[in-house]
Structures are given as structure tokens and as C-alpha cells.
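Here are a few notes to read beside the model. Take them slowly, and keep the viewer open as you go.

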Amino acid sequence: MTTPTDAQRMEKIVSLCKRRGFIFQSSEIYGGLNGLWDYGPLGVELKRNLKNYWWRVMVHERDDVVGMDGSILMNRAVWKASGHEDTFSDPMVDCRVCKARLRADQMIEKKGVRQCPNCGSKDLTESRPFNLMFKTYVGATEDESSITYLRPETAQSIFVQFKNVLEVSRKKLPFGIAQIGKAFRNEINPRNFTFRSREFEQMELEYFCRAEEGMRLLEYWKEQRLKFYENIGIPRDTLHVKTVSDEERAFYSTGTYDIEYDFPFGRQELEGVAYRTDYDLSQHQKASGKSLEYFDEETKQRFIPHVVEPSAGVDRTVLALICEAYSEDEAPDEKGKMETRLVLRFHPRIAPIKCAVFPLLKNKEQLVAKATMRVARLDDVIGARMKSARRSARRSILKRSVRKTRACATR
Ligand code: GAP
């Protein structure tokens with residue numbers, strides 16, 4: 001058996017994803033639409049298992065995080081205040097010969113002269129900013145007053161609902177608001193299968209804290225997120241932490257890590273963990289005129305909290321899980337001849353199918369009925385085990401908090 005190259009491996013993964021019903025090209029029967037994908041029967045189970053596990057670890061198992069689910073369309077003012085309307089863009093260059101529109105950093109340079117990487121022409125336009133947000137109109141009229149955008153990140157709805165969530169959840173700093181949802185970016189050059197898509201899902205946590213805790217929490221969340229990937233079957237030695245340099249980092253951030261994974265097409269970002277300071281809440285407070293301050297009952301101080309944000313891509317993680325699970329081995333076929341098999345070895349936590357009970361004969365009603373019964377029982381057993389595990393976890397949390405309360409009362 002020869003070992004496939006990385007490019008061959010990626011090609012096999014893409015083809016396997018289609019054949020086995022993980023991922024299809026969107027609108028395929030009409031020729032597709034670049035950068036858009038649909039998840040098939042197995043893909044949707046894998047994706048759901050990933051999102052459910054993220055939610056379990058980041059929200060349900062923590063006392064300091066609550067969830068929310070914001071709308072995709074928001075008032076345009078949100079995108080003006082966040083800076084996305086003015087600055088969420090890539091510099092683009094058009095080739096006047098082959099008409100390709102390309103990112104400025106993709107131009108090739110020979111002896112100081114820029115050339116089109118497609119046709120080699122030097123007849124190029126100056127680079128111009130190209131906003132990555134999809135523009136749309138809300139309501140019956142299509143004019144300046146009805147413009148808004150499909151959200152390019154889920155984070156902003158968390159920031160603009162910060163005060164409402166704080167009031168209803170009665171959380172004290174540090175605490176977080178988590179969200180899983182769709183985001184849209186009109187990427188100039190969607191590529192590497194689902195890695196860079198125009199529609200994708202994010203799993204984001206905005207973890208609010210005091211300014212002095214920001215850098216420590218940045219380290220804390222980086223470590224938590226690395227553990228998460230290991231717990232779903234992405235080994236630590238395939239993950240890399242890149243410290244984003246001052247030049248590359250957003251101007252308001254005082255520290256950002258990219259968690260990268262060794263995809264077959266190279267080492268690429270899975271998740272960003274960023275210390276965004278108090279930039280977002282300050283911007284929205286200024287633009288809306290509504291206070292987004294936190295009142296500290298102990299010190300009687302009012303201030304705008306800082307925030308640390310672990311922001312992961314659902315689709316990129318699904319792709320990493322598939323790449324990691326992909327393996328080839330040899331097994332005998334029906335006639336005993338050795339053949340190469342493609343096997344997906346998923347971690348049981350996220351495997352789309354965890355176990356199956358097969359009747360030995362399909363045409364024996366009694367056997368089929370028995371197998372169906374066993375599957376139903378298996379579901380019950382798994383359900384009951386999970387219930388009892390949750391119950392004992394709740395009991396130990398309760399015991400801990402009773403102990404804490406007693407300790408406070410005796411102080
Ligand atoms: N709120 C911060 C934020 O959106 P980002 O680094 O632009 O930060 C976070 O995006 C994550 O979203 C990335 O690490 C990646 O996993 C995912 N992501 C971003 N753009 C994507 C795209 N075009 N296709 C698929 N996933 C994408």
C-alpha cells in the first residue's frame with residue numbers, strides 16, 4: 001500500500017465526504033455556488049455532536065457562562081459602531097486582461113513588478129478595499145435607509161445584548177455569554193473545501209472580566225480550548241498555538257492566539273482566542289448612547305468590562321475531525337483478496353453513528369424485530385446512563401455549594 005501525498009489525501013477526503021453523505025456542494029444540480037456547502041445525513045450528525053459537546057462544556061458544565069441566540073440581521077448601526085462597515089475588508093486587485101479579481105497579497109512579484117498569478121499579465125488596477133460583508137435590504141424599499149448586512153461574526157449580538165443578559169442572569173464578573181450560529185463573509189477566494197466558505201457557523205464565547213484579569217484569562221482560555229480539541233480526538237501534536245504579532249493583531253487587542261491544525265493543505269487556523277479589551281462594549285456604548293457599564297457592588301465602582309473571546313469555526317473543526325479520522329488500511333474482500341479500505345476513525349464522543357445492531361438475515365421478521373428492539377433499548381440505556389451521570393454531577397455541585405455557603409456562614 002503506498003502512502004498518498006497530502007494533495008491526494010485531501011482529494012480522497014472530499015470525494016469520500018460526497019460519497020458517504022457528509023458534505024455536498026450547495027445547489028449542485030445547478031452547477032453549485034462557490035464557497036457554499038450542504039451537510040448530508042452523516043455530516044449533520046457529526047456537526048450536531050460537535051456543537052452539542054461545545055455547548056455542554058462551555059455552557060452547561062459551567063456556572064459562569066450563559067447562552068444566547070441572536071438574529072442574523074441587525075440594525076446597520078451595529079456594524080458602523082463595531083467598525084465592520086468601514087474596515088472589514090480585504091485589499092483587492094483586478095487583472096484587466098483575464099478579469100480575475102484577486103487579493104492583493106496573492107499577486108506575484110517579479111523584479112519588483114506585480115503580475116497576475118492567473119495569466120501573468122502586468123496590466124493590473126491599483127489595490128482597493130473590498131468589504132467582506134453581504135449587503136441586503138430590510139423592508140419593501142431598496143435605498144440607503146434600508147441597508148443592513150448578514151452578520152460576519154456572531155460576537156456583535158452578544159455585545160449589544162450584554163446589559164439585558166447581565167440583568168436577567170444576575171452574573172458577577174468574570175462571566176461569559178456563549179453563542180453558536182451562522183456567519184457570512186463574501187470571501188474573495190473561497191478554498192480548501194469547507195475551510196474558507198462564504199457561509200459558515202461559529203461557536204463563540206465572550207468572557208467578560210476586569211481589566212486586570214484579561215491577560216491571565218487569555219492564557220486560561222487558550223489552555224481550555226486546546227483541551228477541548230484533544231477531548232474530541234484531535235491530538236495535541238497536530239495543534240499549534242501561534243501568537244499573533246502586533247502588526248497582524250486588531251489594533252484594540254492586547255493579545256491574540258490562533259489555534260492551528262495540520263490540515264492536509266497545510267497548517268491553518270481553527271480558532272482565535274483574543275483579548276479584545278473593552279473596545280466593543282465602549283464602541284456600542286458611545287454609538288447607542290446607552291450605558292453598558294457594570295456595577296461592582298463590593299467596590300461601588302462602575303466600569304466597562306473587558307472581554308476575552310475564544311471563537312471557533314464549526315465547519316473548520318468538522319473538517320479537521322474528518323481529516324483526523326481518515327485512514328486507509330488493508331482488509332480481505334468477500335473473496336479473501338486483500339484490498340485497501342478507507343476507514344473513518346472518529347472519537348466516540350462525536351462519531352455520527354456510535355453503534356449499530358444488525359439482524360443476521362434481513363428477510364427474517366423476528367430477527368429484524370429483535371434488532372430494532374435492541375437499538376431502542378440501547379438508546380434507553382445510553383439515555384439512562386447519561387441521566388444518572390448528570391444527576392451525580394448535579395449532586396456534587398450542590399454539595400460543593402452547600403460546603404461553600406457553610407464556610408461563608410461560619411466566617
Ligand atoms: N469574533 C471573532 C471572529 O470572528 P475570526 O478569526 O474572523 O474571528 C473566528 O473568526 C473563526 O471563525 C475562525 O477561527 C474560523 O474557525 C472561523 N471562520 C472565519 N472565517 C471563516 C470562513 N470564511 N470559513 C469558515 N470558517 C471561518
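1. By class, the lining of the largest pocket holds 14 nonpolar, 14 polar and 22 charged residues. Here Asp, Glu, Lys and Arg count as charged, Ala, Val, Leu, Ile, Met, Phe, Trp, Tyr, Cys and Pro as nonpolar, and the others, Gly among them, as polar.

2. Before going on, note that this is a predicted model, where local features need pLDDT of at least 70 and side-chain atom pairs count only at pLDDT 80 or more, while totals for chains, interfaces and linings use all residues. Residues are numbered from 1 along each chain as its sequence is written, and side-chain values use heavy atoms, leaving out hydrogens and water.

3. The pocket has a volume of about 1,700 Å³, taken as the space filled by probe spheres set on grid points joined across faces, edges and corners. A pocket is an open set of points on a 1 Å grid over the protein atoms alone, where a 1.4 Å probe fits, with protein on both sides within 12 Å along at least five of seven lines; lining residues have an atom within 4 Å of a point.

4. Which residues lie nearest the centre of the largest pocket? They are Phe 88, Glu 153, Arg 185, Glu 248 and Glu 269.

5. Now find the ligand: 19 residues surround it, each with a heavy atom within 4 Å. A polar side-chain atom of Arg 185 lies 2.8 Å from a ligand oxygen atom, and one of Glu 269 lies 2.5 Å from a ligand oxygen atom.

Key:
A polar contact is a pair of N or O atoms within 3.5 Å; within protein, one must be able to donate a hydrogen and the other to accept it, and residues adjacent in sequence count only if both atoms are side-chain atoms.
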